[in-house]
Amino acid sequence: MTAIRAKIESRTLTAGDRLPSIRSVAVAMGVSPSTVVEAYDRLVAGGLIRARRGSGFYVAATALPPLALAPDRPLQDRAVDPFWVSRQSLDADAAVLKPGCGWLPTDWMPLDALRRALRALARSGESQLTDYGVAHGSPALRRILIARGAEQGLELSADQLLLTASGTQAIDLVCRFLLRPGDTVLVDDPCYFNFRALLRAHQVNIVSVPYTPTGPDIARFEAILAADRPRIYITNSALHNPTGATLAPQTAYRLLKIASTFDLTIIEDDIFADFEPEPSVRLAALDGLERVIRIGSFSKTISASVRCGYIAARADWVADLVDLQVATNFGGPNPLASEIIAHILAGGGYRKHMEELRGRLVRTRRETAERLRRIGIEPWLMPRGGFYLWCRLPQGCDSADVARAALEENVVLAPGNVFSASRSAAGFMRFNVAQCADPQLMPILQRALK
């Protein structure tokens with residue numbers, strides 16, 4: 001009975017599926033057929049399965065519990081739960097300081113370009129304002145992405161590219177396509193906390209590899225693949241979240257060689273690509289999209305309100321992913337969002353916006369690092385770009401305690417163990433340098449450290 005329940009709860013067996021025959025279960029479990037009959041009869045009485053005369057036993061339509069997040073054991077303190085920073089940041093009012101959030105302030109975004117794109121779209125054909133989008137997503141935006149990929153050494157054909165509702169939805173679609181409950185997935189330690197949150201929703205086992213200033217620890221990476229045989233590995237190559245590190249070429253080559261040996265699929269989240277001063281190595285470009293799937297979006301550089309992501313992958317996988325997106329979203333991403341982003345990327349103003357943004361972040365990153373050092377908080381490294389600083393707190397400070405204390409003074413922080421599957425980052429904190437300008441912040445941090 002326990003074995004059957006486990007298969008139903010893990011969705012290995014779903015509503016309407018036929019259960020194995022009594023004889024086959026008896027042989028597989030080393031018990032008598034009468035024992036299996038008794039177990040099946042009890043499950044029927046409990047409403048979990050039902051019998052069909054002359055046909056066998058089937059999973060009942062009411063057997064499946066609602067899909068829920070897999071428990072994150074051991075039960076984590078809410079201050080270091082993977083959802084904690086998201087909930088606090090998204091729900092905070094305008095008066096709350098958010099150095100732990102993952103987006104730029106409103107006045108750092110290309111507001112004029114957004115307004116121009118909205119006006120242009122309002123004057124466009126009526127079908128763009130009312131119809132579903134095409135299954136692969138906006139042809140105009142896909143053409144732009146193909147050209148941008150070529151600039152980075154990634155040759156793409158139209159059938160290798162799919163637009164999605166967001167970068168997060170892109171990863172979710174790939175996980176739906178490749179994973180089943182109980183599979184194992186490898187992430188970096190530390191990694192973007194929403195990778196962990198999303199994977200919990202897919203009810204998979206999460207293992208992690210230590211991340212270094214040049215990429216994952218390759219010796220540990222190979223050992224984990226040999227021992228745990230994960231189905232996929234999710235990572236950022238450029239301006240890694242939260243550390244800001246950049247994957248070194250030699251690490252990338254060794255990583256791909258090991259992945260090939262163990263038939264590992266890699267999801268490369270490239271959302272921070274445009275923040276780099278010069279492009280660094282990309283797994284997708286080196287691999288040619290054989291076993292690497294590239295994910296991206298523009299929520300960090302254009303707008304988190306006008307969201308659109310993309311998936312670049314093998315053509316046969318993209319064909320299946322298109323069908324999956326139609327089944328779960330009926331069509332591609334919001335066509336209005338896609339056209340707004342295409343309009344902004346097609347104009348010369350986007351490149352100028354990013355040049356100015358990178359320069360502004362260089363100054364802000366340096367100034368924020370210096371202010372943090374004065375109160376005993378030391379950056380792990382100085383990133384080449386982006387807006388995150390992964391920092392070590394003074395000896396003996398637990399970042400969860402610091403985050404709790406700061407929240408009492410209306411400051412949302414991002415404690416280290418939010419990002420760590422192994423919970424080994426209690427002494428670290430991620431700071432968004434663009435959200436650290438308020439003069440009240442450092443005194444509040446200093447009090448929270450005590």
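The buried residues of helix α17 pack against α15 (349-374), α16 (399-407) and β14 (428-432). Here contact means heavy atoms within 4.5 Å, and buried means under 20% relative accessible area, exposed over 50%, and partly exposed in between (1.4 Å probe, protein chains only). Helices (H or I, at least four residues) and strands (E, at least two) are DSSP runs, numbered from the N terminus. The model is predicted: local features need pLDDT of at least 70, side-chain atom pairs count only at pLDDT 80 or more, and totals for chains, interfaces and linings use all residues. Residues are numbered from 1 along each chain as its sequence is written, and side-chain values use heavy atoms, with hydrogens and water left out.

Helix α17 covers residues 441-448. Its buried residues are Leu441, Met442, Ile444, Leu445 and Ala448. Seen down the axis of α17, these residues fall within an arc of 160 degrees, so they line one face of the helix. The arc is that of the directions from the helix axis to the C-beta atoms.

The protein chain as a whole has 17 helices and 14 strands. For 450 residues, a compact globule would have a radius of gyration near 22 Å; the chain has 24 Å, which agrees. This radius is taken over C-alpha atoms, and the globule rule is 2.2 Å times the number of residues to the power 0.38. The C-alpha trace spans about 75 × 60 × 45 Å along its principal axes. Of the 450 residues, 52% count as buried. Among contacts with a separation of 6 or more, 73% come from residues 24 or more positions apart. The chain exposes about 20,400 Å², and carbon and sulfur atoms supply 52% of it. Accessible areas come from the Shrake-Rupley method with a 1.4 Å probe; for residues, only the protein chains shown count as cover.

Two cis peptide bonds involve proline. One joins Asp189 and Pro190, with omega about 5 degrees. Pro190 is placed in the loop between β4 (184-189) and α9 (193-201). Another joins Asn241 and Pro242, with omega about 15 degrees. Pro242 lies in the loop between β7 (232-235) and α11 (249-261).

The loop between β7 and α11 also holds Leu239. Phi of Leu239 is near 50 degrees, a positive value in a residue other than glycine. Leu239 is buried, with a relative accessible area of 4%. Asn410, not a glycine, has a positive phi of about 65 degrees. Asn410 is found in the loop between α16 and β13 (414-415). Asn410 is partly exposed, with a relative accessible area of 44%.
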